[in-house]
Amino acid sequence: MLTFTVKRIAFAILTLFVATFLAFVLVHLSGSTPGGVALGQAATPEQVYEYNVSVGWFDPWIIQYGNWVAQVLQGNLGVSLIDGRDIADDISKRLPVTAALAVLGTLLSAVLGIVMGVTAAVRGGAVDRVITVLSGILLSLPAFWVGVLLVYVFAVQLRLLPATGFVPFDVNPEAWARSLVLPVITIALTSMAGIARQTRASMAETLTQEHMRTLRAVGTPTHRIIYVHALRGASLPILASVAIQFIILFGGSVIIEVLFALPGIGQAMQVATGSADLPFVQALVLVATFVVVLVNLALELLTRTLDPKLRAS
């Protein structure tokens, strides 16, 4: 297990370097330069050139990347080309917003999806068909459309929740929770169908296995068979589905964040990309890749721990 863990950590670090280097290359091939972005259209070509020289834009790429990595290891992600704000400080303020959105959205979608999947696998018949159809409908719903509908009902018509905006937890916990209700419900409604389908398939397969019939034969209570033995046996595919859902939400929450005016990582990526804020784009890719690599690493280690066959290999 120790050897496997060391290998996976090494592979995770290599993945992080490869992803950030590819982002670094794409930034340099984008056609924008730091001088052109920072100085604006009013700057002369000579001024732009001098600025680019001063920041080492024309140095060999491997040297530039090495310098960037050295700064990152010191906790320095650079400054924005647009307004000169510290990137690390800005990301540290935005990260809790996206993290809360992804964690809460994943938890709610996991709970609803697992309940739907278990119910469909156990009940079967008409209930299974209804849940299957409902899952298909939810999978086809665009998150933007669902969010707009929820805002219209709960914010515009009923006036129960705020339509947009975000309040930090340390400022007002109640307002923080209220500002996340609609975004989290939007995520759950559009994400739980995939988890429900995976849960149904895994539970249906597990319930037909030999040891399940043995448990029924010896008189084990039905609820214990379903919620202890079967659900535990089907947990690995479900866990993988939930982890993938979290990764998708963390890296692709831009639609939700823009719709509900949440100052998170996704919104920052949209703004940084649109304004060609190259250092900011590079830093955001680093953060998003780090989270994805970390979740994948945790999932692999947890899967190997829970699966006896993998643990013994």
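Let's start in helix α5 of this predicted model, where Lys93 and Asp89 sit 4 residues apart and are therefore separated by about one helical turn. The two residues form a salt bridge, with their closest N and O atoms 3.4 Å apart.

**The chain as a whole**

- The protein chain has 15 helices and 0 strands.
- Along the principal axes, its C-alpha atoms fill a box of roughly 85 × 60 × 35 Å.
- Of the 313 residues in the protein chain, 40% are buried.
- Take the contacts between residues at least 6 apart in sequence: 73% of them join residues at least 24 apart.
- The accessible surface is about 16900 Å², and carbon and sulfur atoms account for 68% of that.

**Salt bridges**

- The whole structure contains 7 salt bridges, including the Lys93 and Asp89 pair from the opening.
- Within that pair, Lys93 counts as exposed at 57% relative accessibility, while Asp89 is partly exposed at 39%.
- Asp83 and Arg85 also form a salt bridge, and their closest N and O atoms are 2.5 Å apart.
- Both partners count as partly exposed, with a relative accessibility of 47% for Asp83 and 28% for Arg85.
- Asp83 and Arg85 belong to a network of salt bridges that also links Asp90 and Arg94.
- In helix α9, Glu210 and Arg213 lie 3 residues apart, about one turn of the helix, and their side chains meet in a salt bridge at 2.5 Å, N to O.
- Glu210 is exposed, with a relative accessible area of 51%, whereas Arg213 is partly exposed at 42%.

**Helix α10, a helix with two sides**

- Helix α10 has 12 residues (222–233), which should span 16 Å at 1.5 Å a residue; its end C-alpha atoms are 15 Å apart, in agreement with that.
- Which residues of α10 are buried? They are Ile225, Ile226, His229 and Ala230.
- These four cover an arc of only 135° around the axis, so they fall on the same side of α10.
- Their packing partners are α5 (87–123), α8 (173–207) and α9 (210–217).
- On the other side of α10, you will find His223, Tyr227 and Arg232 exposed.

- Most residues other than glycine have a negative phi.
- Arg159 is not a glycine, yet it has a positive phi of about 55°.
- Arg159 lies in the loop between α7 (143–157) and α8, and it is exposed, with a relative accessible area of 70%.
- Ala261 likewise has a positive phi of about 55° without being a glycine.
- The loop between α12 (254–259) and α13 (265–274) holds Ala261, which counts as partly exposed at 36% relative accessibility.
- Where is Leu160? Leu160 is in the loop between α7 and α8, and it is partly exposed, with a relative accessible area of 47%.

Conventions: Residues are numbered from 1 along each chain as its sequence is written. This is a predicted model: local features need pLDDT of at least 70, side-chain atom pairs count only at pLDDT 80 or more; totals for chains, interfaces and linings use all residues. Side-chain values use heavy atoms; hydrogens and water are left out. The expected span of a helix is 1.5 Å times one less than its number of residues. Buried means under 20% relative accessible area, exposed over 50%, partly exposed in between (1.4 Å probe, protein chains only). The arc is that of the directions from the helix axis to the C-beta atoms. Contact means heavy atoms within 4.5 Å. Accessible areas come from the Shrake-Rupley method with a 1.4 Å probe; for residues, only the protein chains shown count as cover. A salt bridge is a side-chain nitrogen of Lys or Arg within 4 Å of a carboxyl oxygen of Asp or Glu.
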